[in-house]
Each structure stands twice: as C-alpha cells, then as structure tokens.
Amino acid sequence: MNIIRKRMNLHEILEIRNLTESTFIIQFEKNGLEFTAGQHVCVGPPNGIHTREYSIYSAVNDPYIEILVKEVQNGLITPVLKKLKVGDSVVVEEPVGYFGLNGGEKLNKKYLFIATGTGISPFHSMVKSHPTLDYKIVHGVRSHIEGYEKEEYDKLRYTLCSSRDTSGNYIGRLTNYLQELQIDTDSEVYLCGNCNMIHDAYDILENKGIPNERIHAEVYF
Amino acid sequence: MKYYLMTLGCQMNMSDSERVASVLDAAGCVKVETEEEANIIGILACSVRQKAIDKVYNKISVWNKWKNKKNLITFISGCMLPTDKDRFLKLFDIVFTMPELPQLPHMLGEYGITNPLSLIAEPQSAVDEIKLFWKVKPKYDSSFEAFVPIQNGCNKFCTFCAVPYTRGREISRPSNEILQEVRELAEKGYKTITLLGQNVNSYGLDKNGQEISFAQLLEKVGQMGEEIDNEFWVYFTSPHPRDMTTDIFHTIAKYDCLGKQIHFPLQSGDEKVLIKMNRNHSVSKYRETMHALREILPQATVFTDIIVGFTDETDEQFENTRKVMEEFKYNMAYIAMYSPRPGAASYRWEDTVSLDEKKKRFAILSDELAKHTLEFNQTMIGKTVKVLVREHDRKEGYLSGHTGGKLVIRFKSDNESLIGQIIPLKITAAAKFSLEGELVFSEQLAVNNDQLTVSSN
C-alpha cells in the first residue's frame, strides 16, 4: 500500500449496498486492520476533517471491513458518505471498543442481542464471526424494510418487531415484546441502539431478574 | 529570540508545555515571563473546554494586531478538535499536534529562524511521531514536582468528552524510557512524580502483550524507590475504572514510594447515566473495585470526578450518585456541572437539565463531600504525618503542602528552605478541605531528617 495512503488512513471502497433510501453498507479495504466482533471504527470522507464512530458490520475473518450507515439529514458525515462511489476512499481509524463477547467460553453461553435500527450492526459481526454462537436477536424497527439483511440470520433466532407496519414477526414496540418474552436469567444480554430503548429495556431486564453484570450496552447517538 | 508560552487545560498540557519549552531552549530561544517581551508566542490549547478556546480566539486577535508593530511568530498546539485546528490554520503562523513537536524547529526555520535542530528527519507515521515526541527531554517548571507522560490518547469514547477526537487513540510510551525519566528525576531529588495519561491504567494494553502492564510498570517504579536513597512519592492520573485491576493496589501497598492516594473517577452513580455516558463500566463493577481498594489499601485517600446534570439526568438518577458518594466517603471530589463540549458526542444532545438544577445538585454533592472529608480530617488530629512543603500559604507567615495522601495542610513557618522538602508535621486542626499542623522538630532538623517513621497519609 502506498505510504501516503497509509499515513492518511485511506481505504478504498470496494462495494456499496443500498438497503433502503437512507441506509447503506460501505465495504472497504481492510488493509491489515484487526478487530474483535462488536468493536467500532471511526470513518470519514477522504478530504474532510471529521469522522464518526461506526460499529463494524462484517465478520472478523472477512477480507474487507463493512459498516452499516443511515443517512442523517443535515448531518456532517453521512450525506457525504452517501455520495461516495466504488473506487473512492474513506478515512478509517483503527478499531477500538469494549462491546464484545466476553471470555474464552463464549461458545458455551446463551446470548440475547437486542437492537434498534442500525444497532443491529455489531450483532451481525458477532453472529458471522462465530457461526456456532447460541444467540437470539430481537430487532426493533418502524417498518420491515429496516430489517437489514435479515435473511443472514437463522429464522428461528431472529425476531423483527415492527412498530409502524404489520410485517414484522411481532407487531409492536420492541420493549412490549421484551415484556412478553421469557428470558433465561443466565443469558448474556447485549443492547445496542438508541438510548431511550436501552434505558427502557434495562428496566425490563432488571425486573426479569437479569443481573446487571450480564447486561452490556452500547448507545448510538 | 524570546518566547512566551501560555498553557491552558489539564496536567497533560502542562507536561506538554515543559517539552515545548525544552525544544525552544535547545533551538536557542529564551523564555520570558510576559507576552509583550516575546518574539515567539505559543499556546498549549484545550479544545475540551469552551472557555479555553474562547481565550485562544481573544488572545490571537490581540497578537495579530501586534504584528503591525513588531516581528512576531505565533503557534498553537495541545488538544485541538479538527474543526478548531482548521480555523487556527488561518489565525496562527504555525499549528502542530503535540506528536509533531520535534518538527517545531524545522517549522520555525521556515520563518527564517535557523537553528541546528531544524535538520532532523521527518517521521513516517503517527506512532513514529509520538515516539520522537517522548524522546524530547522536558524543561521541568518545578524543582521538586514533575509530570511524566506514559500514554497518549483515548479509546474510551465517553459521550461527554472530546479527548478521543483531539488526541487520537491510546499509544503507550516504551517502559524503558519512562523508567529512565523517573530514575533521573528521583536521583535529582524530585519529591513527587506523577505518571500521566488520559487513561493511565490502560498502559500497555495497546501493545498486545509486547509491553508490560500498568501494575508491572508500578512494580518497577516501586523497586526503584527501594534502591534510591532520596525519598519520593509517585502518583498517577487519570485512571479509568474499566481497566482498574487489584494487582495495581497490591503493588502500591508493597512500596513506600508509591503514593497512597488513588484518583478513581465515578462520573455518575447511576447505571443508566453511565450507559448514556458510554463509560463502559457499571456501578456494581465500580463498587467491587472500590471494596478491593479499601481492603488492600486501607490507608489510601480516594479522590473522584463527578458530573452533575448530564443530559436527561433525573432526580432519581442524581440521588443514586449522592448515595454512592455517601457510601464511598471520598477524600476529595472534583464535581462539575455538565456543559456540552464541542466535539463530544453529547454535544449533539439537548442540554436538558437547567443551570439552576445543576447548581442545586452541585451544592448537594458538595455538602455530601464536606461531611465525609471533615469527619476523616478530624480523625487525623494528633497524628504526625509526612508532608511535602510546596509553597507559601495565602495566610501570611504560613507554608502549605500536601500529605502523602494529597490532603492539603498548612503550618506556621516562613522558612523558605523547607519548600520542596518532605518533613514531619503534627496535625493540630482540621477543616473540611484542609488540615493545619505544626513542626515536630526544629526546622533545621526537619530539613535534614529523612529517616522518620511516621504515617504518610
């Protein structure tokens, strides 16, 4: 790799998948970056001075890195990222973060992944990085079109809660579904998405007897 | 050329400032005490605090007017957000990040100030830059207190803080360099040495096993303290609860030279606020670590940082913080009323708690703190403790300093030769945030006697 590109942390875009009008996946060169599933990277446009944190969507062994981006109207970064094309570059800083599956016995545990919107991203990485993981995903969205690449998950392990249309596996808010859900109290529970959902879900989980050391959260902002 | 440095912000910037002074001295420049005398004026900025940035804009506007009357070169470095850095490029002659410091003579050279240091090679990567920066020997401002940077940057991304965007990711300084700098300071007779980093106890984690851990680093410093005749105390700031391990406490307990004062930031005592702050630890994990700290280091004083009125903090959530303060009985708490900081993630959220409410919460926590500090300080009356004498007290005829546990203490004396010495004092009175003591021995004996066996609380 060219030294100047390396010094500027430039990674070439290899693929773009438009999932909805506002949500898309950018796949870019890995260039030797290593990460653990659940970590995030700071990504920004090539000529800008700003970056934003994005959870990594792809699996640890994929030969590229993917992020799932939702365009923010009048945002500083996402409208620019949306205009980029295959062959353009993005600035990528090294992966960091602590939102990951703990310990060596991760394959012997049960996991409940709870996400809203693009908060599904770290869970996609975890599931794809560890194919034998014993997991369940609860994904809260407004409309079924936000069930981003839901065919990637085992149907029996994935529940789409849609609050504004009737096409989800559960019709209603994610938190209502959680109230009704029977949760093994020995599960490790991971929450990712908007802060209000995380706070509401936290109360529900505590009331269901999940000790707070087994509740892990990453707020999207 | 005469230079003047203005340092804004935290201890990290003060430490950086010592290195900038060293580079300028080596380039043949002379430090002056006022900006009016200088031909080169530099600011070590702090983008983390809005007030500090406002000050930068005020100052540069004045200095740029001076350029009509005299030759003046201005530069800025320190903690800078990308947006601020972009603006500063238009206002200052030279803008550089701290890892680029070794290139400063070269940059000055472009303004016609030639010096032998302007010929050094350019680094090839950010890691190379910071390594070269650490090799710059600082010009310490004090003759008995020094800061030693051991780590730069932050991976934690707390939502209220802009540091990850101003200083980049965590990079640990090679331990051999740190130990050499600490040894040189201790052998020169420095009395306190503070190991600095944004997340000081995350030291070594970025090296994936290729560097020793923070506890191991402390162990080596502790061993050094056993070998060196001079008495000195080593502190560290600022740690993150996530990476605080009990082996750090066990190591501190083993060695006299490792200061028995732990800065242990809480920020909030409510689980949900901690999640919103993205602190990556829970109150229960903090409590567990705190219990271990009290058990392993019962003599240690514990300081903390707390933010009140963070976005959406409810009365109930604030009350949880107050209860945690009541439970842990801190010796000092740096309580801040939340204000959104440009560049931080929370800057994009509405600042929902009113200023009046923040002031109320601030006052409640300050009262809570004072209850415990007074109670603790009163238990100290009658004890003889070692004290580092630091300066003249505001009260005439008194000197002041701090104990090994960093409790502020003053005593009657106007003997300036005691400043910079560790001496025994008998505690005679206690207030909420300070102690008063008296000399145990004659002042001359106090200066010469370093074999006293007294508590260092």
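Contact means that heavy atoms lie within 4.5 Å of each other. The structure is a predicted model, in which local features need pLDDT of at least 70 and side-chain atom pairs count only at pLDDT 80 or more, while totals for chains, interfaces and linings use all residues. Residues are numbered from 1 along each chain as its sequence is written, chains are lettered from A and ligands numbered from 1 in the order in which they are written, and side-chain values use heavy atoms, with hydrogens and water left out.

**Exercise 1. The surroundings of Ser22(A)**

Task: State where Ser22(A) is found and which residues Ser22(A) touches.

Solution. Step 1: Ser22(A) is found in the loop between β1 and β2 of chain A; helices (H or I, at least four residues) and strands (E, at least two) are DSSP runs, numbered from the N terminus. Step 2: Leaving aside residues up to four places away in sequence, Ser22(A) touches Val69(A), Lys70(A), Glu71(A) and Lys82(A). Step 3: Tyr148(A) is 126 residues from Ser22(A) along the chain, and their C-alpha atoms are separated by 12 Å.

**Exercise 2. Two sheets of chain A**

Task: Give the strand order and the pairing of the sheet that contains β1, and of the sheet that contains β7.

Solution. Step 1: Strands of a sheet pair through backbone hydrogen bonds, either parallel or antiparallel. Two strands count as paired if DSSP finds at least two bridges between them.

Step 1: The sheet with β1 is open and has 6 strands in the order β4-β3-β6-β1-β2-β5 (chain A), with antiparallel pairing. Ile13(A) has Phe28(A) in β2(A) as its bridge partner.

Step 2: The sheet with β7 is also open, with 6 strands in the order β10-β9-β8-β7-β11-β12 (chain A) and parallel pairing. Here β10 (170-171) and β12 (215-219) of chain A are the edge strands, each pairing on one side only. Strand β11 (residues 188-193) of chain A runs parallel to β12(A), and 5 bridges join the two. In β12(A), Ala217(A) is the bridge partner of Leu191(A). Helix α5 (residues 195-207) of chain A lies across β7 (110-116), β11 and β12 of chain A, at about 160 degrees to β11(A).

**Exercise 3. The domains of chain A**

Solution. Step 3: The contact takes 17 residues from domain 1 of chain A and 15 residues from domain 2 of chain A.

**Exercise 4. Helix packing in chain B**

Task: Describe how α8(B) packs with α9(B) and how α7(B) crosses α8(B).

Solution. Step 1: Two packed helices are described by the angle between their axes and the distance between the axes. Angles under 35 degrees count as roughly parallel, over 145 as roughly antiparallel, 65 to 115 as roughly perpendicular and the rest as oblique.

Step 1: Helix α8 (residues 214-227) and helix α9 (residues 246-254) of chain B pack at about 5 degrees, with axes 9 Å apart; α8(B) and α9(B) are therefore roughly parallel. From α8(B), Phe214(B), Ala215(B), Leu218(B) and Glu219(B) meet residues of α9(B) including Ile248(B) and Ile252(B).

Step 2: The axes of helix α7 (residues 175-188) of chain B and α8(B) come within 11 Å and cross at roughly 30 degrees, which makes α7(B) roughly parallel to α8(B).

**Exercise 5. Backbone exceptions**

Task: Locate the cis peptide bond that joins Thr237(B) to its partner, and the loop that holds Asn74(A).

Solution. Step 1: Most residues other than glycine have a negative phi, and most peptide bonds are trans. Step 2: The cis bond joins Thr237(B) and Ser238(B), with omega about 5 degrees; Ser238(B) lies in the loop between β10 (233-237) and α9 of chain B. Step 3: Asn74(A) has a positive phi, near 65 degrees, and is found in the loop between β5 and α2 (78-83) of chain A.

Technical notes
Axes fitted to C-alpha atoms, helices over the stretch in contact; angles between N-to-C directions.
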